[in-house]
Amino acid sequence: MRVLVLSRNASLYSTSRIVLAARARGHDVSIIDPLDFQIVVSRGGPSVLVGGAAVPRFDIVIPRIGASITNYGLAVVRQFDLMGVPVLNGAVSIARSRDKLRALQLLTRRKLEVPTTVCARSPAGVEAALGLVGGCPAIIKLQQGTQGIGTMIAETPQAVHSLLETFWAMGQDIVLQEYVRESKGRDLRVIVVGGRVIACMRRVAKPGEFRSNLHRGGTGDGVRLPRTYRSVAIRAAKAMGLEVAGVDMLESKSGPKILEINSSPGLEGVERTTGIDVAGAIISYAETYAATHGRISRKLVEARLNGVIHEERMPRRIALATSPEVRTARRKGAAMTNGSSRAGRAAS
Ligand SMILES: Nc1ncnc2c1ncn2[C@@H]1O[C@H](COP(=O)(O)OP(=O)(O)OP(=O)(O)O)[C@@H](O)[C@H]1O
Ligand SMILES: [Mg+2]
Ligand SMILES: [Mg+2]
């Protein structure tokens, strides 16, 4: 297959692992910075250029869009969506995951548990909001934060007021959230690919810190998930329409509570702590996905762009098809990797 990885930096761990995994399976891989694309919108149909020149037709696009270029990156991904090129993940589902409030709204619509969260935009409702999330300490989050930056804890109502007022004055959208005390600075990062749990690590915050992110000094350990947690992670990814997802969950006294779902989850922490070949699992799934979504109808493309159709509603006949090209690529991949990857087997 001809694989396009959208990434600003080929030397990033996750990008290079995905590229290596694809090449090991015999695929032709290009890595292009999303900002290098020109997006052409005309009545003649959607297209993209790089440096003014046409690009080859790709069989699959794997976007790794960083938070700093969400808007332009999503426009590029949407253009590939419009061109009918299979994309893992699509623009609508990435956009959903980038906004924590939007994501939580979608999750609760599917009856999935999340920490009680209140969004407000005027000082008048703050007391009531604080009561709803169980008082202090309370969590305050930027709606678009990542790597733990933008997630804060407020120990007193005064701190809540001053933080909210500061962020509102800066024009930032924030949410107030119940602090799940019993999680004790731990969370679970679950990697779901194509509706299957591929790997999971428990992250533990460093002493004196409530955020367990590895970027904030936390440490990770591979864990086997109980069945209820597995099924919640899978349902959460599906609710967002994400084919590749990093689901963050807290272990609360009433069971899993979902914090957020990441659409370009980092692979370094989870691969190193679990020893699982997550990149291989993504490519293995990409092969199946490209084969089954390569020639989807214009109607389906539009439905997907409008976010009204979920992949599970794809006709079964399409969902099960496997092209000769994919079978050959799989055979080559199996020979080159000796077929020994746990994740590769799990996802195939
Ligand atoms: N409501 C909460 N109760 C307890 N701890 C929380 C809560 N919300 C967040 N945390 C802690 O803070 C960390 C960061 O929060 P969150 O996952 O929402 O932010 P993020 O910046 O998007 O992180 P990521 O890098 O995983 O994308 C979580 O991993 C968890 O350890
Ligand atoms: Mg996040
Ligand atoms: Mg997180």
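This is a predicted model: local features need pLDDT of at least 70, side-chain atom pairs count only at pLDDT 80 or more; totals for chains, interfaces and linings use all residues.
Select helix α9 to begin: 15 of its 16 residues are buried. Buried means that 20 or more other C-beta atoms lie within 10 Å of a residue's own; exposed means 12 or fewer, partly exposed is in between, and C-beta atoms are placed from the backbone.

Residues are numbered from 1 along each chain as its sequence is written, chains are lettered from A, and ligands are numbered from 1 in the order in which they are written.

**Stop 1: along helix α9**

Stay on residues 278-293, which make up α9. What span should its 16 residues have at 1.5 Å a residue? The expected span is 1.5 Å times one less than the number of residues. That gives 22 Å, and the end C-alpha atoms are 22 Å apart, so the two agree.

Now pick Ala-279, in α9. Ala-279 is buried, because 25 other C-beta atoms lie within 10 Å.

Ala-281 has 26 other C-beta atoms within 10 Å, so it is buried.

**Stop 2: the nonpolar core**

Select Ile-60, Ala-236, Val-247, Met-249, Val-278 and Ile-282. These have the most contacts inside the largest nonpolar core, which has 71 residues. A nonpolar core is a set of buried Ala, Val, Leu, Ile, Met, Phe, Trp, Tyr and Cys residues joined through C-beta atoms within 7 Å. Which element gives the most to this core? Helix α9 does, with 10 residues. The core draws at least three residues from each of domain 1 (2-87 + 277-347) and domain 3 (182-274). Those domain bounds come from an automatic or database domain assignment.

**Stop 3: around ligand 1**

Centre on ligand 1. It is surrounded by 24 residues, and the closest are Pro-115, Thr-151, Val-180, Arg-211 and Ser-212. A residue counts as near if its C-beta atom, placed from the backbone, lies within 6 Å of the molecule. Colour the strands β8 (138-146), β9 (149-154), β10 (174-178), β14 (244-252) and β15 (255-262): these elements give two or more residues each to the shell. The largest share, 4 residues, comes from β8.

Then colour by class: the shell has 7 nonpolar, 11 polar and 6 charged residues. Here Ala, Val, Leu, Ile, Met, Phe, Trp, Tyr, Cys and Pro are nonpolar, Asp, Glu, Lys and Arg are charged, and the others, Gly among them, are polar. Domain 2 (116-179) and domain 3 (182-274) each supply at least three residues to the shell.

**Stop 4: a span from the record**

**Stop 5**

Most residues other than glycine have a negative phi, and most peptide bonds are trans. Now look for exceptions.

- Leu-88 to Asn-89: this peptide bond is cis, with omega near 10°. Asn-89 sits in the loop between α2 (70-82) and α3 (91-98).
- Cys-136 to Pro-137: a cis bond again, with omega about -5°. Pro-137 is in the loop between α5 (126-132) and β8.
- Gln-147: phi is positive, about 60°, although this is not a glycine. Its place is the loop between β8 and β9. Gln-147 is partly exposed, because 13 other C-beta atoms lie within 10 Å.
- Lys-184: phi is positive, near 50°. Find it in the loop between β10 and β11 (186-193). Lys-184 has 12 C-beta neighbours inside 10 Å, so it counts as exposed.

**Last stop: Pro-56**

Select Pro-56, in the loop between β5 (53-54) and β6 (60-63). Is Pro-56 buried or exposed? It counts as exposed, because it has 9 C-beta neighbours inside 10 Å. Finish with Ser-263: it is 207 residues from Pro-56 in sequence and 25 Å away in space, C-alpha to C-alpha.
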